Every structure is written in C-alpha cells, then in structure tokens.
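This report looks at how a protein chain is put together. Keep the sequence and the 3D view open while reading.

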Amino acid sequence: MAGRRSIPVGGMPDGEWLADADWVKRNAKGVNAIGFTDRMMVVDTGGFTDAIVLTAGQYPMVDRLFDKPEEPAGVAVVDRRALMDAARMLKSVCFDSRMGIIPLILDERDGMLRVRYAGDGQDADSQGVRLLEADITGDVNVKLNADYLLTVLAGMDADRVSVVKTREMKPVLFEQDDSAVEQLVMPVC
C-alpha cells in the first residue's frame, strides 16, 4: 500500500516530504500546526507535540506509481461510505481466514459495483454479496485484501471515490475528485 495527501496550508514551504505512514496516522488527528526543518517534521495538537525524522535521498521513487494511465482498464466511481460498509460487513462474516488475508472481489454486475468474498467453498448466502450504485466504465474486476481496502477508504474524506484499475498488474488507484488524497493497493493474486 502507498498513499499521499496534499495539504493546502498557507506559509508552508514548497516541496514533498516522505514520512512513516503509521506515525502520520497516529499523529494526524487534531493537528493545529505542522513544522519542518531540513531533517524533521513536527506536529502540534495543542495537547502534545511530536516529531519524526524525514526519510532522505531518493527513497523510494513512488510518484510514477501514482500516474493515472491515459486509458485505464476500468474506473468505478462509488460512494466511499457504502464501499466501506460493504467491505466491513464482508470481513466480519468471513470465518475462513487461514491465510490471514480476507480477499474481496470488486466487479461489475448489472451496472452496479458488486463486492463479494473471494474465498473457496462459500455459497452465495455466506458470501454476503453487496451491490453498490456506481458509475462504471470498462473492466473493474479486481481482488483486494479487505484490510487494505478498509485502511485506504478510512484515509479518505470525500463522499465519492474513484477506483482506477490499470491494464497491467499494477496497484489499483483510489482517488478523490480533488486528487488531494490518492491511495494505492496491490491486487491479491
């Protein structure tokens, strides 16, 4: 998984910084000030202040991963909350997580986005298939880890998100209309 977020904050120096995602997630709530030095990022919530050393150098060159293909294999624009609820429900009814991964398939069915459990030996009732209203173009058939899907959707704040599938075996791009938040998830094989 990879993600990036643009934060329009007046007075911030131009540039990009690479920081540990778990640290950012832990410290992102209630931030009222962010500061940078050439080596550190500091956040202040009013209740506490915390800092992290930024990763230096050319590590890793992730920008090319976020390039939206000129002609994606498929795009589904869907209600973020409905997709989260469907993934959460399907994850909770899955009793077969021997691999530690609960795979979910997203695909098109009768003009709607179908979300279903991808495990073996499950009948239709235990799969708990969910159909969601969506604007779909092309082939959106993809299998994703339910935990990663939920993490990505929780990190976004728009009402609707786009799920962009590339033609090659590359990460699936999740983005908001304003492109302020972009998340990548590698499909499950």
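Which residues of the largest nonpolar core touch the most other members? They are Val78, Leu83, Leu113, Val115, Leu149 and Phe174, in a core of 31 residues. A nonpolar core is a set of buried Ala, Val, Leu, Ile, Met, Phe, Trp, Tyr and Cys residues joined through side-chain atoms within 4.5 Å. Buried means under 20% relative accessible area (1.4 Å probe, protein chains only).

Leaving out residues up to four places away in sequence, Leu149 touches Leu83, Ala87, Leu104, Leu106, Leu144 and Phe174. A second, separate core has five residues, among them Val75, Val77, Leu173 and Leu184.

The model is predicted: local features need pLDDT of at least 70, side-chain atom pairs count only at pLDDT 80 or more, and totals for chains, interfaces and linings use all residues. Residues are numbered from 1 along each chain as its sequence is written, and side-chain values use heavy atoms, without hydrogens and water.

Some totals for the protein chain follow.

| Property | Value |
|---|---|
| Buried share of the 189 residues | 37% |

The secondary structure comprises four helices and twelve strands (DSSP runs: helices H or I of at least four residues, strands E of at least two). Three of the strands make an open antiparallel sheet in the order β2-β3-β4; strands pair if DSSP finds at least two bridges between them. β2 (33-36) and β4 (49-53) are at the edges with a single partner strand each, so one side of each lacks a neighbour in the sheet. Strand β3 (residues 40-44) is joined to β4 by five bridges, and Val42 has Ala51 in β4 as its bridge partner.

Note on methods:
Buried means under 20% relative accessible area, exposed over 50%, partly exposed in between (1.4 Å probe, protein chains only). Contact means heavy atoms within 4.5 Å.
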